[in-house]
Amino acid sequence: MASLNVLILGPQGSGKGTQAKRIAATYGIPHVATGDMIREMKELPTDLGRELKEVYDRGDLVSDDLMIRLISDRLGRGDTIPGFVLDGFPRTMTQAEALDDVLRGLGRRLDVVLELQVPDREQLLERMLKRAAQEGRSDDTPEAIQRRLDLYDRETAPLVEYYRSTHGNVCGIHGDRSIDEVFHEIEQTLDHVQTLRSDGVPR
């Protein structure tokens with residue numbers, strides 16, 4: 001079967017990581033989570049690690065140049081040949097255009113962009129505060145959460161329209177439902193994408 005290259009978008013607290021892990025397990029493709037990559041790096045006793053920790057704890061975004069280098073290296077590894085589910089990147093238009101360039105260089109393309117939609121901002125805040133309490137994450141203070149949600153609205157939300165207009169492969173997912181209900185909708189969407197491809201029907 002052809003590879004399945006998935007990008008999952010949605011505000012913090014929408015369940016991207018949870019759903020991406022389930023996609024990875026179900027479809028046998030790696031979960032490429034930039035948040036995990038950054039969290040691992042920021043714990044290293046290096047200048048870069050300390051810089052990343054300061055940026056992350058403030059709720060700011062890591063620079064485009066660094067993120068592009070990290071993701072280009074990761075997508076070029078052999079385990080992504082069957083496909084991947086990309087979570088946490090791109091977050092800006094510059095990153096989205098760079099990702100297109102990276103994938104083009106690898107002879108790949110995104111097959112589908114899943115947008116997890118959670119209209120109620122209070123629900124997002126509640127989910128993230130609950131996660132902070134459970135995991136003890138220093139970056140999940142109410143102030144940092146609000147800043148990241150503002151950054152998403154300003155920088156990342158416009159990418160949905162970018163992919164819709166340039167790629168035509170955006171599928172909205174009701175992210176405000178239960179984890180199982182959300183994943184069921186995702187499965188239906190991905191199975192439909194794979195069926196169209198196997199039938200040779202253009203998307």
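Select R50 to start: this residue sits in helix α3, residues 47-58 (helices are DSSP runs of H or I, at least four residues, and strands are runs of E, at least two, numbered from the N terminus). The model is predicted, so local features need pLDDT of at least 70 and side-chain atom pairs 80 or more, while totals for chains, interfaces and linings use all residues. Residues are numbered from 1 along each chain as its sequence is written, and side-chain values use heavy atoms, with hydrogens and water left out.

R50 is partly exposed because its relative accessibility is 45% (buried is under 20%, exposed over 50%, partly exposed in between, with a 1.4 Å probe and protein chains only). Leaving aside neighbours within four places in sequence, R50 contacts L44 and P45 (heavy atoms within 4.5 Å).

Next, turn to the salt bridges, 13 in the structure (a side-chain nitrogen of Lys or Arg within 4 Å of a carboxyl oxygen of Asp or Glu). Select R22 and D180, whose side chains meet at 2.8 Å, N to O. R22 belongs to helix α1 (residues 16-27) and D180 to helix α9, 158 residues apart. R22 is partly exposed at 29%, and D180 is exposed at 53%.

Move to R74 and D79, another salt bridge at 2.8 Å, N to O. R74 is buried at 12%, whereas D79 is partly exposed at 38%.

Then pick D150 and R121, paired at 2.6 Å, N to O. D150 is in helix α7 (residues 142-156) and R121 in helix α6 (residues 121-135), so the bridge ties together parts 29 residues apart in sequence.

Finish with R58, D60 and R147, which salt bridges with shared partners join into one network.
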